[in-house]
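Dear colleague,

Please find the structure below, handed over for your records.

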Amino acid sequence: MGSSLGFAHFVAHADAIAWAVLAVLVAMSLASWYWIAAKALQWMRTRRASQGFLAAFRAALLSDARAQQSCANEASGPYARLAGDAFETLERHRANVARNAPELPARAEVLARSLRRSIVQQCARLEAGQTLLATVASTAPFVGLFGTVWGIYHALLAIGDAGAAGLQEVAGPVGEALIMTGIGLAVAIPASMAYNAFARARRNLKIGLEAFAHDLLVLLLEDAAPRPVHDADDARARGGTSAPPRLQAVPGAS
């Protein structure tokens, strides 16, 4: 009898409840592996896009604000979207200042609020599938355990009806029923490992976005060196009044 026991024997003698449990575990496994593959590809693209944008943006720092804004608009990835939101917010604020909008918040406050909101949005975009992976990791072992309990229950009923109480007659069907627990663990372990890996990547991305947002805020608010003195000399040569040199705004500052 023992030689005939195994997964095939278990499936052949499974009832509707056991088949339903097995189907749920298979569906959970397929869903979790789909999201593991999809999110792994998503994070690879995100890392590649972020590295490309940061390199291009650092190169644009040597140019003017228009080059930096163009770099943010043309690139992809969370860092590029964060920079794009910041430039867009700055443009709207400058337009409101030009219209003399009453009770207009300070530029630093507006930009800081926009950057915080954009960081939350960029992190939220990468949360897809996280809930499913966490659910599979936490519930799959219990689903498998339920299948094991159900299998042991029916195995003991069959043993009782047959009137056999030897160790081989008990251990075989009970051990066979434990297959469901093993399947549940096999489904839960990859989902748990993937969830932890993606959660760590998301935390690291948030830290990077916050650091980049701080640098971007300083970049958009600070003033560069004053205009050269010969600009004022040219104005006097044209007969205009001598005005103090203006501070030239750095990236996006009005």
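Is Ser114 buried or exposed? Ser114 is buried, because its relative accessible area is 4%; buried means under 20%, exposed over 50%, and partly exposed in between, with a 1.4 Å probe and protein chains only. This is a predicted model, in which local features need pLDDT of at least 70 and side-chain atom pairs count only at pLDDT 80 or more, while totals for chains, interfaces and linings use all residues. Residues are numbered from 1 along each chain as its sequence is written, and side-chain values use heavy atoms, with hydrogens and water left out.

Ser114 belongs to helix α5 (residues 107–125). Apart from neighbours within four places in sequence, Ser114 is in contact (heavy atoms within 4.5 Å) with Asp85 and Thr89.

Leu145 is located in helix α6 (residues 130–162) and counts as partly exposed, because its relative accessibility is 42%. Together with Phe142 and Val149, Leu145 makes a nonpolar surface patch of about 320 Å². Such patches consist of residues with over 30% relative accessible area and no salt bridge, nonpolar side chains (Val, Leu, Ile, Met, Phe, Trp, Tyr) being joined within 5 Å and like charges within 9 Å. A salt bridge is a side-chain nitrogen of Lys or Arg within 4 Å of a carboxyl oxygen of Asp or Glu.

As to the whole, the protein chain has nine helices and two strands, taken as DSSP runs (H or I, at least four residues; E, at least two) numbered from the N terminus. Of its 254 residues, 33% are buried.

Yours sincerely

Terms used: Areas by Shrake-Rupley, 256 points an atom, 1.4 Å probe, with all protein chains shown as cover.
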